[in-house]
Each structure stands twice: as C-alpha cells, then as structure tokens.
Amino acid sequence: MSDPTEANGTAGSAEAAGPAESGGGPGRHVRVVLVDDHRMFRTGVQAEIGQTEQTGVEVVGEAADVDQAVTVITATRPEVVLLDVHLPGGGGVEVLRRCAPLMGDTEQPVRFLALSVSDAAEDVIGVIRGGARGYVTKTITGTDLVNSVFRVQEGDAVFSPRLAGFVLDAFASTDAPPVDEDLDRLTQREREVLRLIARGYAYKEIAKQLYISVKTVESHVSAVLRKLQLSNRHELTRWATARRLV
Amino acid sequence: MSEAAAAPLAEPRPPRKLYRSSDGRWLGGVARGLAGHLGLPVIWVRLVFVGLFMADGLGALLYAAFWFFVPLGVGGVEAQKPPSPLTETSSDGRRRLVARRPDKGQIVALLLMVVVAMVFVGNVNLSGGARAYLWPTVFVGAGVALVWRQADNARRARWAEVGRRRRTVTLLRSVGGVLLVTAGVSGIFVLQGSAAHLGSVLQAALAVLVGITLLAGPYLVRMTQDLSEERLMRIRAQERAEVAAHVHDSVLHTLTLIQRNAENANEVRRLARAQERDLRTWLYKPEGTGKDEADEPTTLADAVRRNAAEVEDKHGVPIEVVVVGDCPLDERISAQMQAAREAMVNAAKYGGEGGAVQVFAEVEGKTVFVSVRDRGPGFDLGSIPADRMGVRESIIGRMERNGGTARLRAVPDGGTEVELEMERAEKTS
C-alpha cells in the first residue's frame with residue numbers, strides 16, 4: 001500500500017496483486033468524479049491522478065457541495081466518486097443517501113471511495129455505513145490513491161489502517177449481545193486480516209503472512225465491509241459517540 | 001451622617017468600581033461590598049447602617065437604594081486580597097467563617113433586623129392610624145427583599161453554574177414574595193377603608209393583570225427565547241474564538257518556520273506533521289480528556305500517541321498510529337510503553353527511509369499487543385554484536401523482566417516488525 005509494495009509489485013504475480021499495481025496497465029480506464037469543497041485539494045488530486053495516459057484515471061467532473069455533487073454524478077455517471085466526508089449541505093453521507101439508486105444500479109454502478117482528513121470515527125464509520133466502498137486519508141500518495149480507485153472500481157473494498165482500527169474497535173465492544181449473529185460478529189480470520197491491515201500490511205503481504213491468496217484476503221475484506229454496512233448493531237453508532245475505557 | 005455614607009459614591013476612584021459582594025453577605029451584600037470598596041471592616045459598615053436605621057429608617061432606605069442601584073459583583077472584602085489569605089486580619093478570619101456558612105449569618109441578620117425594627121417601632125411615636133400601617137409595610141418590605149435576593153442568587157448561580165437543581169426552591173421563594181407583597185398591599189387598602197370595595201378592587205386588578213399577560217405574554221416569551229438563543233450563540237462564538245486563537249497562532253508560527261526552512265524538506269515535513277498532530281488533538285480529541293497538555297499520560301492510547309509524537313519530532317520520520325481499545329496504564333503496561341518507544345526510535349533511525357513507521361496497539365481482554373513496523377532494509381538480531389545491548393536489553397529484556405514477550409521479525413517484503421505482548425495487571429474492569 002505504500003512505496004515499497006509498489007516497487008515490488010512488478011515482481012509479484014500481477015494478476016493477483018491488483019490491476020493498478022504497475023501504474024494502470026494498458027486498456028485500464030476509470031472515470032472519476034471528485035467531490036471536495038476545497039478547490040486547492042481538488043486541484044492537487046487532479047494533478048496527481050488526472051494524467052489519464054499514465055494512470056488510467058480520467059476525472060470527468062468536480063463538485064464542491066452536496067447539490068452540485070448529486071447533479072454532477074447523475075449527469076456524468078462515473079464509475080468511482082472520490083467523496084469528502086465534510087461537505088457543505090449535509091456532508092458526504094447526504095450525497096450517498098441521494099445517490100443510493102445509482103449505487104444499486106446493476107448495469108453500471110457508481111461506487112464511492114471516502115477521502116477525508118477527518119479523524120473522528122463517527123464521520124468515517126458514517127460514510128462507510130452510508131454505502132462508501134472504502135476510506136482513505138488525504139495523506140495517501142498518488143499511486144496508492146490510483147490503486148485504491150481501481151480496487152473500488154472492481155467492486156473491492158479499500159480499508160486504510162486507520163479505518164481497520166476503527167472497525168476493530170467498533171466490533172470489539174461486545175457488552176451487548178449481537179442482534180444478528182451472522183452479521184454482528186467478525187470471524188477469527190476477518191479479525192486477523194483487519195489487524196494486519198491496521199498494522200500497515202498490504203494485501204499481498206497479508207496473503208503471505210496468513211498463507212492464503214490475495215483473492216481470499218479481498219473476499220475477507222469485502223465481507224467485513226458488508227457486515228459494517230448491513231450490521232444492525234445500533235451499538236455501532238452508540239460506540240462512535242461515546243468511547244469509553246475498557 | 002448620610003453624607004459620610006454617600007461620599008464614596010460622590011468621589012469615585014476610576015479603577016475601582018463599587019459592587020455588592022456576592023459571597024459572605026447577610027442580606028444584599030451591600031455592607032460587604034461597601035466595606036471592600038472603602039477598605040473598612042464590614043462590621044463597621046453594618047453598624048453604621050443599623051445606626052442610620054434608627055434615624056427614622058434612613059439606613060433601610062439607603063440600604064435599599066444601594067441594593068437597587070449597585071450591581072452584584074465579585075467585589076467585596078476578600079476580593080481585595082484573594083491570593084494572600086495569610087495577611088488577613090482577625091476580623092477577616094471571622095468574615096471567612098461567615099462566608100462559609102451563609103445560612104447562619106442570614107438567620108442572625110434576620111433576628112437582628114427584627115430586634116432593631118422592634119426598637120425602632122418602640123422609639124418612633126406613631127399615631128394610632130399610622131401604627132396600623134406598620135404590619136402591611138413590613139409585609140411588603142419582606143416580600144420585596146425575598147424576591148430581590150432571589151434575583152441576586154439567580155445571577156450568582158449563573159456564574160457558578162449550579163442553578164438547575166434549585167428550581168422549585170426558586171419558584172417557592174418567588175411565590176412567597178409575591179404573596180407577602182400582595183398581603184401587604186391589600187392590608188393597606190383595607191386600612192384605608194376601602195375594605196368594602198376589596199372584592200371589586202381585586203377583581204379589577206385581576207382583570208388588568210390577565211389583560212396585560214395576554215397582551216405582553218407572547219412578546220415576553222419571545223424575548224426570553226431570543227435572549228437565551230443569543231446567549232447560546234455567544235457561548236459558541238466564544239468557543240470558536242478560543243479554538244481560532246489557538247490555531248491561528250500556532251499555524252502562523254509553523255507557516256513562518258516552513259517558509260524559512262523551505263529548502264530543508266525534512267524540517268518542513270517535521271513541522272507540518274507536528275502542526276497537523278496539534279490541530280487534530282484540538283479538533284478531534286473527545287471532550288473531557290482535556291485538550292490541554294496533561295502532564296503524564298494515564299491511558300494506553302494516550303501513552304502510545306505521546307511516544308509516537310515525540311519520536312516523530314525527534315527523528316523526523318512520520319509515525320502512523322492506530323489504537324484499538326484503551327486501558328489505564330499500570331506498571332507492566334508502562335514498561336511495555338517504554339519498550340515500544342525504544343522500538344519506534346529504532347524503526348525511525350534505521351528503517352525510516354522506506355516510508356512511515358506504523359504503530360498498532362490493541363487491547364483485547366487482558367492482553368495488550370503493540371506492533372511497531374518499518375519498511376527499511378530490515379535486520380537480523382543474530383548478526384548484531386553481543387555487546388550492542390539496545391534491542392536485547394531495552395526491548396526484549398525489559399519485556400521479559402515484566403512478564404511479557406517481545407518478538408522481532410523480518411516482514412516478508414522488507415522491513416522489520418517488533419511485536420510486544422503483555423498481560424495487564426490483575427485488577428480488570
């Protein structure tokens with residue numbers, strides 16, 4: 001997920017390591033909309049990932065608030081939306097709510113990747129539960145961001161170490177019995193995978209560490225995301241507001 | 001004599017304003033406030049008031065006037081010298097005692113007033129007609145005093161922010177005051193011989209009151225709502241200003257430093273990271289954990305973050321921290337924290353070129369797990385000379401002495417990871 005991984009990426013099995021590992025292969029193309037209320041940040045991201053020939057990312061639209069975002073997304077139908085958590089007009093959650101029909105589209109679903117500076121767990125968990133496919137911090141490097149965009153486009157989930165930490169934290173507080181046994185518990189394997197993500201491991205490294213394939217790692221991560229989004233633990237929300245000592 | 005009492009008002013000293021004292025007062029805090037203002041013992045002022053009271057009730061009038069016009073404040077005798085209680089005179093000592101037990105003082109004051117009033121009434125030779133008005137007047141006076149002191153209390157409560165729980169008492173006092181005043185005024189009416197018309201007078205008064213309430217009610221309600229809203233806004237604005245003041249200063253500082261060190265990429269990065277951390281602490285730290293720098297961290301999460309921040313500042317390598325769960329620090333965990341810090345220093349020193357150092361801490365049940373990983377060239381513990389004690393002693397040795405375990409291992413794709421595991425001390429939550 002950070003520089004050395006990328007350097008090693010060419011040596012590893014390119015297929016399993018993800019499409020963008022080698023900087024977006026030929027034929028790879030993804031249409032992206034940037035939603036962020038800071039113009040400077042949009043410009044920066046645009047400059048970093050917007051060279052379509054090199055990265056395979058084409059920025060087809062930008063928006064600075066919720067209304068604009070909904071309009072632009074509906075009009076351009078991108079494959080991936082980079083969504084800021086804090087936005088004038090209701091925040092990223094509001095955009096997700098109003099774009100819900102687009103996300104469910106089977107033909108060409110619009111997928112959201114939350115991109116935020118926020119450290120507040122309830123913000124982050126909020127957008128994930130709203131339907132975002134992942135969350136990365138704004139300190140992420142350009143190459144990593146491109147990787148994440150492609151991963152989201154493929155329908156995979158993107159967990160930054162910090163998000164993995166939040167999720168582990170949320171699912172760890174089990175003083176109330178889970179409402180839905182299947183959803184409200186992470187399997188041992190899922191916890192292990194999350195822990196390794198939180199420790200800064202890339203998918204490929206996790207696969208090596210646990211002697212499983214990268215595909216399996218991906219499916220674990222997607223399962224966690226699904227649980228997070230579908231879980232009816234009201235506790236999750238409560239946890240976010242009142243974090244207490246163990 | 002009245003001139004003597006009024007003198008301090010006539011020649012106001014610019015820097016000092018006259019306030020009624022909010023603590024240690026017996027009635028309205030007038031005497032205490034005056035004493036503080038004049039630099040006299042309270043007892044003298046009180047005696048003067050009592051004496052003036054004898055002069056046809058002048059003292060009472062004067063007192064009431066002061067009460068009415070002088071705002072309640074934190075002035076008063078003690079406010080003159082709060083930092084040095086040692087310099088207090090003996091009379092001051094007694095005053096402190098009174099201040100601690102205001103209720104006793106108030107009872108004494110009340111008794112004193114009654115006695116003085118008796119004497120006064122006895123002295124003044126009132127004609128039969130006038131004498132009859134005495135009790136209604138006393139009622140009115142008592143009622144007014146009751147409600148007025150109430151208003152003062154409310155104001156004081158706002159300073160101390162303890163007002164809520166005494167709602168009912170407040171209400172009772174207000175009602176009591178109103179009843180007293182009503183009784184007094186009615187008494188006067190009755191005495192004036194209009195007792196026959198009392199019923200119709202009361203009815204008319206009631207009608208007028210209802211009318212006024214209907215007319216002014218909505219307006220009054222809206223006014224109070226506006227007022228409380230405005231107060232809320234003010235509090236918010238204040239909070240924002242506080243954050244802004246803090247952020248403003250430190251951000252400008254950092255930006256200046258960054259401009260000056262523009263060629264030195266490492267220094268710029270270090271400054272920016274430090275500033276970011278500072279800002280995050282301010283913005284996202286949960287309420288009640290104290291946004292100010294505490295002296296010593298008391299919980300695991302705190303300790304990990306603090307250590308990481310210090311190492312980051314010192315070595316200029318970004319350290320990313322993820323903490324899951326939290327627990328209070330005990331002796332073993334503190335040892336683990338020291339080992340973790342050592343590991344962070346090593347990672348920053350020898351593995352910092354590969355990117356950020358990643359620190360992960362998790363509390364699961366009684367086990368506390370910390371991992372520190374870098375993406376540097378990696379190293380082999382076996383190849384390090386036996387006399388180099390850094391890792392062996394300060395990480396592995398320290399953990400084992402305290403009953404924990406430490407593992408160093410090479411990460412498959414380069415870099416080193418230090419894993420520290422420790423059981424928490426017996427008492428669990």
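Start in chain A and select Glu94(A) and Arg97(A): they form a salt bridge, with the closest N and O atoms 2.9 Å apart. (A salt bridge here is a side-chain nitrogen of Lys or Arg within 4 Å of a carboxyl oxygen of Asp or Glu.) The two sit about one helical turn from each other because they are three residues apart in helix H6 (residues 91–98) of chain A. Helices (H or I, at least four residues) and strands (E, at least two) are DSSP runs, numbered from the N terminus. Arg97(A) counts as exposed at 55% relative accessibility; the scale is buried under 20% relative accessible area, exposed over 50%, partly exposed in between, with a 1.4 Å probe and protein chains only.

Before moving on, some bookkeeping. This is a predicted model, where local features need pLDDT of at least 70 and side-chain atom pairs count only at pLDDT 80 or more, while totals for chains, interfaces and linings use all residues. Residues are numbered from 1 along each chain as its sequence is written, chains are lettered from A and ligands numbered from 1 in the order in which they are written, and side-chain values use heavy atoms, leaving out hydrogens and water.

Next, pick Arg199(A) and Glu419(B), a salt bridge with its closest N and O atoms 2.3 Å apart. Arg199(A) is in the loop between helix H11 (188–198) and helix H12 (203–210) of chain A and Glu419(B) is in strand E7 (residues 416–423) of chain B, so this pair joins two chains. Both residues are buried.

Now hop over to Glu312(B) and Arg277(B), whose side chains meet in a salt bridge at 2.6 Å, N to O. Glu312(B) belongs to helix H12 (residues 300–315) of chain B and Arg277(B) to helix H11 (residues 265–284) of chain B, 35 residues apart. Glu312(B) is buried at 4% relative accessible area, whereas Arg277(B) is partly exposed at 24%.

Last stop: Asp330(B), in the loop between strand E3 (319–324) and helix H13 (331–351) of chain B.
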